[in-house]
Amino acid sequence: MKHTLVFLLCLLLLAGCQSEAPPPPQEPVPEETLSPEITAPPDTETESPEEQQPDLKAIGANEAGKVMVLMYHEIGGEEATWRRSTDNFRQDLQTLYEKGYRPVSLNDFLRGDINIPAGTSPVVLTFDDGTAGQFRLLEEDDNLIIDPDCAVAILQEMAAAHADFNPAATFFIYYPVPFRQRDYIEKKLKLLHSYGFEIGNHAYNHENLAKVSPEEAVRSLAMHVRETQSILPGYQVTTLALPYGALPADDSHIVSGAWEGTGYTHEALLLVGANPALSPFDTRFNPLRLPRVRADGTEMHRWLNYFDSNPGERYISDGDERHVTVPEELAGRIDPESLGGRTL
């Protein structure tokens, strides 16, 4: 099968390889051993920071620039407005990589912990609804394997091929059957957590939070957290992708609330569209109104072309987490409180 790649424990131990080609397929292992962990990209810093310091003007370092938070829904099947075919999803990741974009997790982005190579740009990958093609397990010869054509496997495939590609993503799921395989709900959530992926709130049953009563909204959001924590004890669900993009005029109960002893606080509310987000260091950055770009053949590529034509608008990393580097004329745009000990 084209692109076959079984991401089991034995395979993921190869993720640190520097090879430009994915490791060869291996035979599946028994289901009980299916508990791999993501191998972090190797630490390539062998010289002193002074020796590695890039020419910041030459690379166009601008950490006041905009960041695409991409929004996917269905993966696999025939291409449609809210569905990305498997081939196109693979091509999306390759195109992003070739254009210098590197995935960072949503929570790292919100904190400004953007650790990517100098001259590259962060991109945040989000997946709404917990559809089947995002994460699918298959039974094969009495073994359980990860479908090589689901989003989770394709992200790992990219990580195996490129040492500086971190397969970071947030899955905004809803219940009662996230990823549409009832028998594997617990196994999938535990695997996602072990891989380092994030799980976000999408309301318990995808309720329209602008149409239900505040009491119903609080119950739904808290039930989601309770169900997630029943599988992942202590897991903190800190972000919410608004179902239908709908938000009531008074959103205080959406941001935080409690129901029957289960509480929640959302540090970010993700909208449905339709433009890149501001830098987390920008004085205007508002995580409770975080815009996203629809990842399809039109909107995402429109913004890729925009940043190609307007590189000064794009967040470009200086490669050093200790500093926030911006063109001098943009220094006044940086919120000092967002620096968190970093030097401007």
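User: Which residues does His 224 touch, leaving out those up to four places away in sequence?
Analyst: In this predicted model, His 224 touches Ile 173, Tyr 174, Tyr 175, Gly 200, Asn 201, His 202, Ala 203 and Tyr 204.

User: Where is His 224 found, and is it buried or exposed?
Analyst: His 224 is found in helix H8. It counts as buried because its relative accessible area is 0%, and the cut-off for buried is under 20%.

User: What about Glu 227, where does that lie?
Analyst: Glu 227 also lies in helix H8, which covers residues 214–231. At 30% relative accessibility, Glu 227 counts as partly exposed.

User: And what does Glu 227 contact, beyond its neighbours within four places?
Analyst: Tyr 175 and Tyr 204. Both of those are touched by His 224 too. For spacing, Glu 227 and Tyr 174 are 9.8 Å apart from C-alpha to C-alpha, and 53 residues apart in sequence.

User: Tyr 175 again. Is the peptide bond from Tyr 175 to Pro 176 cis or trans?
Analyst: That bond is cis, with omega near 15°. Pro 176 lies in the loop between strand E8 (170–173) and helix H7 (185–195).

User: Which loop holds Tyr 244, and what is its phi?
Analyst: Tyr 244 is in the loop between strand E10 (239–241) and helix H9 (252–255). Its phi is positive as well, about 65°, and Tyr 244 is not a glycine.

User: Is Tyr 244 buried or exposed?
Analyst: Exposed, because its relative accessibility is 57% and the cut-off for exposed is over 50%.

User: Changing topic: how do H4 and H6 cross?
Analyst: Their axes come within 11 Å and cross at roughly 35°, and the crossing is right-handed. On the H4 side the contact is made by Thr 86, Phe 89, Arg 90, Leu 93, Gln 94 and Tyr 97, while H6 brings in Ala 151, Ile 154, Leu 155, Glu 157 and Met 158.

User: Where is Ser 85 relative to H4?
Analyst: Ser 85 is in the loop between strand E3 (83–84) and helix H4 (86–98). It is buried, with a relative accessible area of 13%, and it touches Gly 76, Gly 77 and Glu 79, setting aside residues up to four places away in sequence.

User: How many residues are in the largest nonpolar core?
Analyst: 64, and the ones with the most contacts inside it are Met 68, Leu 70, Phe 127 and Phe 135. Another core lies apart from it, with 24 residues, including Ala 64, Phe 109, Val 324 and Ile 334.

User: Now the whole chain: how many helices and strands?
Analyst: Ten helices and 14 strands. Of the 344 residues, 52% are buried. The chain exposes about 15400 Å², with carbon and sulfur atoms supplying 48% of that.

Notes. Residues numbered from 1 in each chain as written. Predicted model: local features only at pLDDT ≥ 70, side-chain atom pairs only at ≥ 80, totals over all residues. Heavy atoms only, no water. Helix = DSSP H or I, 4+ residues; strand = E, 2+ residues; numbered from the N terminus. Buried < 20%, exposed > 50% of the residue type's maximum accessible area, 1.4 Å probe, protein only. Contact = heavy atoms within 4.5 Å. Axes fitted to C-alpha atoms, helices over the stretch in contact; angles between N-to-C directions. Left-handed = near helix turned anticlockwise from the far one by under 90°. Areas by Shrake-Rupley, 256 points an atom, 1.4 Å probe, with all protein chains shown as cover. Core = buried A, V, L, I, M, F, W, Y, C linked by side-chain atoms within 4.5 Å.
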